[in-house]
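My plan was to go through one model and write down what I looked up, entry by entry.

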Amino acid sequence: MRIARIAVTRHRLPLDPPFRPSWDFRPRRHFDATIVRVATDEGLEGVGSGDDMLGFEAHAHLFLGEDPLRVERHARILANIQFHYGRCWPLDLALWDLAGKIAGQPVWKLLGGRADRLSLYASSATLRDSGAMAEAAERYLAAGFRALKLRFHRADWREDIGALEAVRARLGDRMTLMVDCNQGWRMAHDDARPWGFKDALAVARELERLGVYWMEEPLHRADRTGMRTLREATDVRIAGGEMNRELHEFRDLVEARALDVLQPDAALVGGITGLRRVAAMAEEAGLLFTPHTWTNGIGLAANLHLAAGIADPPFVEFPLDLPEWGPERRDFMLAEPIRADGAGTIVLSDAPGLGIRLDEERLAATRIG
Ligand SMILES: [Mg+2]
């Protein structure tokens, strides 16, 4: 069986009302998705999405005519393309979807089948005032979620603590709470400085007082010494790594003892092929591996299969912040958006590959390239 064709298409969903995630001060009025399809000479097709695949077209010939199941070979080519040009890891997701369809098995089983059900944490995005945050937290709890991640990105972190206190006061111990400080990276238009170590330490002490499960990206992604020192100074777990680009950065983070929780995203770095190595590394080092997954329904599906197949973490990220952000927008390319069950969990199915089906009509209607 050979790879006969690779097609990349671009799609744009208008967002009205706009979406205002905490890490981006410009309201988002549309949501773009790049879809890659890899087809074999025997008529099977795998699908991937996540990054924009910029510059891929000039390199498609490096995969055409090859055996699709040689994923380690293909991942090395993708790593070379990333080094010289852009990130094209969605092709790796498509190859795993295809491998599952060839085998007639779901990806999570091909990866080892460690867990057939995952607990999700609701990953919120917008900054609301304290009362509205507490109301929102009640709604997550009523929907069955047992864990919730809040954003810290107000002008002064003391205001963030105020919102967290309101949520904790409302919920008591009924939900596990995480906090994402989003100091590891910035949007292209944002030149704000990340927190310094003393700010991060002061916040960590407040999070410790409020019983927070993990503190995510408290410092710039390159400040391994700062994260290690913070980790040693607090009981709160330190999480990070969502935007690190190279697999060796995770080796360095592990060796530096900088993090308790590793959060790479298969749709953005390394694909499933690369991140299964990071998951194994985390396990050997006694760290949690639970992927970041803030792209779209296809990226989410890939990270769920990866987490279930190898890692079985206590919680996996589930982007959800109604009314602004939910399965209909996030998964607009899927015929059936991915939903949590009433217990805040998701059961991995036996459908071959990533178990997703594209909404071709929607894709045609939203196509921009
Ligand atoms: Mg994050």
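**Entry 1: what I am looking at**

A note to myself before anything else: this is a predicted model. I keep that in mind for each entry below.

**Entry 2: the largest pocket**

I started with the open spaces. How much space lies in the largest pocket? I found about 1100 Å³. I then looked up who lines the largest pocket and got 41 residues, with Arg28, Asp52, Met187, Met243 and Trp294 the closest to its centre.

Next I wanted to know which strands take part. Strands β1 (3-19), β2 (28-40) and β5 (147-151) each give at least two residues to the lining of the largest pocket. Which element has the largest share of that lining? It is β2, with 7 residues.

I also checked the domains. Domain 1 (3-104 + 359-366) and domain 2 (110-347) each contribute at least three residues to the lining of the largest pocket. By class, I noted 18 charged, 14 nonpolar and 9 polar residues in the lining of the largest pocket.

**Entry 3: the second largest pocket**

I moved on to the second largest pocket, with a volume of about 350 Å³. Its lining has 19 residues, and those nearest the centre are Ile338, Ser349, Leu354, Gly355 and Ile356.

Helix α10 (297-311) and strand β12 (345-347) each supply at least two residues of the lining of the second largest pocket.

**Entry 4: an enclosed space**

Then I looked for cavities. How many of 30 Å³ or more turn up? I have 1 cavity on the list, and the largest cavity holds about 50 Å³ of space.

I wrote down its lining: Gly184, Glu217, Leu219, Arg221, Met227, Gly240, Gly241, Asn244, Leu253 and Leu259. The classes in the lining of the largest cavity are 4 nonpolar, 4 polar and 2 charged.

**Entry 5: helix α1**

Which residues of α1 are buried? My list has Val71, His74, Ala75, Ile77, Leu78, Ile81 and Gln82. They cover an arc of only 160° around the axis, so they sit on the same side of α1. On the face of α1 turned away from that buried side I found the exposed residues Phe83 and His84.

On to the backbone. A reminder for myself: most peptide bonds are trans, and most residues other than glycine have a negative phi.

Where are the cis bonds I noted? One joins Asp16 to Pro17, with omega near 5°, and Pro17 is in strand β1. Another runs from Leu322 to Pro323, with omega near 10°. Pro323 is placed in the loop between β11 (316-319) and α11 (327-330).

**Entry 6: two positive phi values**

Met53 is not a glycine, yet I read a positive phi of about 60° for it. Met53 sits in the loop between β3 (45-49) and α1. Is Met53 buried or exposed? Its relative accessible area is 1%, under the 20% cut-off, so Met53 counts as buried.

Asn182 is also a residue other than glycine with a positive phi, here near 50°. I located Asn182 in the loop between β6 (176-180) and α6 (197-209). With a relative accessible area of 3%, Asn182 is buried.

Last, I looked up Asp235, which is in the loop between α7 (224-233) and β8 (237-240). Is Asp235 buried or exposed? Exposed means over 50%, and Asp235 has a relative accessible area of 66%, so it is exposed.

I also checked how far Asp235 is from Glu165. They are 70 residues apart along the chain, and their C-alpha atoms are separated by 18 Å.

Terms used. Residues numbered from 1 in each chain as written. Predicted model: local features only at pLDDT ≥ 70, side-chain atom pairs only at ≥ 80, totals over all residues. Heavy atoms only, no water. 1 Å grid on protein atoms, 1.4 Å probe; cavity = no way out; pocket = protein on both sides within 12 Å on 5 of 7 lines; lining within 4 Å. Points joined across faces, edges and corners; volume = space filled by probe spheres on them. Helix = DSSP H or I, 4+ residues; strand = E, 2+ residues; numbered from the N terminus. Nonpolar A, V, L, I, M, F, W, Y, C, P; charged D, E, K, R; others polar. Domains from an automatic or database assignment. Buried < 20%, exposed > 50% of the residue type's maximum accessible area, 1.4 Å probe, protein only. Arc of directions from axis to C-beta.
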